[in-house]
Amino acid sequence: MPTSTLKYPETRNYIAGKPAANGQKQMEVRSPLDGSLISTVSLSSAKDLDVAVKAAEAAFQGWSGTPIKERSQVFFRYRELLAKNREELATLVHTENGKTMDESYAEVDKSMELTEFACSLPQLIQGELLEVSKGVECRIERKPLGVVASIAPFNFPNMVPHWTIPNALMLGNTMILKPSELVPISAIRIAELLKEAGLPDGVFNVVNGDRQIVEAICDHPGIKAVSFVGSTKVAKIVYIRASASLKRALCLGGAKNHLIVLPDAHLEMTASNVVASMSGCAGQRCMAAAQMVGVGAVEHIIDQMIIEAKKLIPGKNLGPVISKAAFERIIGYIEEAEKAGAKVIMDGRNPQVEGGAKDGYYLGPTIIDHVTPDMRISQEEVFGPVISIIRAKDLDAAIDIENANPYGNAAAVFTQSGGQARQVMERASAGMIGVNIGVPVPREPFSFGGWNDSKFGTCDITGKSSIEFWTQLKKTTTKWNPEGKTNWMS
Ligand code: NAD
């Protein structure tokens with residue numbers, strides 16, 4: 001098909017304020033809604049990256065030398081542009097990622113909130129000053145690092161780039177964004193809106209590609225820091241490779257979030273929260289419920305979950321998963337669990353899709369009971385609208401099950417007992433804890449980040465904690481009184 005007839009003709013790189021030459025290789029971009037070809041994307045080379053790094057280096061001096069209060073004016077305007085273009089941006093997310101329009105609007109709204117936080121950074125990053133000897137002052141200021149890179153996954157084409165863009169740029173850095181090659185289109189629109197908001201050319205650049213470009217980012221001597229969001233397997237590779245070339249690295253990986261449900265939990269609230277957590281964005285969220293650990297007699301809650309899950313209609317309020325490969329992988333996990341003795345009590349393998357989209361990658365909500373911790377489905381990230389239920393005899397056993405899994409993004413407990421909730425808050429081995437909340441994403445200004453195999457590197461990726469990651473401290477000692485007595489400590 002000639003690329004000019006596609007819905008979004010060829011997705012190019014975006015360098016120094018304009019679309020840049022394509023890399024030599026192109027890849028197809030298909031919509032998960034119906035499998036249709038919607039664009040092509042450039043698979044850039046290390047040479048293409050070099051052009052972007054040079055543009056970002058050229059822009060750094062001017063941008064980092066602009067007072068932060070002036071930089072914030074760009075982001076106030078940008079936040080308004082996100083609001084003005086909300087429908088178009090959400091439609092883009094819906095088309096390239098497949099999530100529902102409601103979920104896509106929520107993603108853009110979260111990007112606005114992240115930008116609002118960045119606008120508040122001038123109030124948070126003032127330095128320190130002290131007269132340490134007569135007439136001698138020490139001061140500490142936060143300075144940007146230089147050119148930084150942000151590597152993003154497919155599951156939030158608009159929001160995850162906003163975890164890094166507003167804060168890193170507001171703090172004076174210039175950036176190369178590498179979006180997922182599965183969903184590259186939103187990133188270009190973000191670049192155009194930043195320019196419209198008044199961001200100088202070269203401060204923000206987009207370089208598309210796959211593994212090869214990620215490796216080139218890790219190795220490039222002009223890039224000072226790398227943030228990564230994606231699977232644990234790749235997070236480890238990127239963390240090790242970027243660190244080996246002496247860069248600062250913060251790499252967020254996958255998840256296997258455990259929701260511990262006690263028999264005294266509020267029935268309707270718990271069932272609706274657990275089901276929303278496992279099925280939102282078709283289960284393709286790093287904060288999604290992957291396993292429910294049912295403590296004791298929780299049949300009534302499982303029955304109510306089935307009632308809730310039946311309200312989810314693929315094609316209406318449940319989107320498809322990202323690709324045919326993802327669809328087949330998820331089916332494989334369900335089949336293997338069934339063979340190993342687990343019981344599929346709600347089966348989404350052959351769903352009726354509203355609107356009749358035949359070629360979309362749809363799965364219905366799937367609930368699998370009597371899963372045991374040794375099964376593969378219990379140990380690996382499934383990343384689809386599927387929840388496993390593991391039975392535990394008491395709260396201690398449930399917490400042990402949560403603790404034994406190698407990930408540590410989120411964990412939650414559902415109960416009416418403050419004492420039991422407190423035990424989970426204390427002992428769960430995860431970075432983000434929910435009490436009667438299925439998706440415990442901390443909202444701004446609280447920071448986002450997991451533990452264990454869900455994050456490599458120090459600092460969180462958003463909120464106040466990210467300030468530390470995107471800046472370095474400059475310590476200056478001044479003396480303007482030559483007549484003042486000095487000692488060896490100045
Ligand atoms: P992924 O790891 O396959 O890809 C992420 C990025 O890495 C993409 O830009 C991709 O081009 C690149 N990449 C892929 N393979 C690579 C390789 N071998 N070497 C170098 N780069 C490579 O992840 P995905 O499938 O796009 O996203 C889903 C994953 O992201 C899930 O595991 C999910 O839990 C995770 N995720 C985590 C968080 C979090 O906050 N912890 C948030 C969102 C998504």
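Mentor: Let us begin with a term: on a 1 Å grid over the protein atoms alone, a pocket is an open set of points with protein on both sides within 12 Å along at least five of seven lines, and a molecule sits in a pocket if more than half of its atoms lie within 2 Å of its grid points. By that test, the ligand sits in the largest pocket. This is a predicted model, in which local features need pLDDT of at least 70 and side-chain atom pairs count only at pLDDT 80 or more, while totals for chains, interfaces and linings use all residues. Residues are numbered from 1 along each chain as its sequence is written, and side-chain values use heavy atoms, with hydrogens and water left out.

Turning to polar contacts, which are pairs of N or O atoms within 3.5 Å, an N or O atom in the side chain of Lys-178 is 2.7 Å from an oxygen atom of the ligand, and a polar backbone atom of Phe-154 is 3.1 Å from an oxygen atom of the ligand. With Gly-253, a backbone N or O atom lies 2.7 Å from a nitrogen atom of the ligand. Of the 840 Å² of accessible area (Shrake-Rupley method, 1.4 Å probe) that the ligand has on its own, the protein covers 89%.

Conventions: Polar contact = N/O pair within 3.5 Å; in protein donor to acceptor, adjacent residues only side chain to side chain. 1 Å grid on protein atoms, 1.4 Å probe; cavity = no way out; pocket = protein on both sides within 12 Å on 5 of 7 lines; lining within 4 Å.
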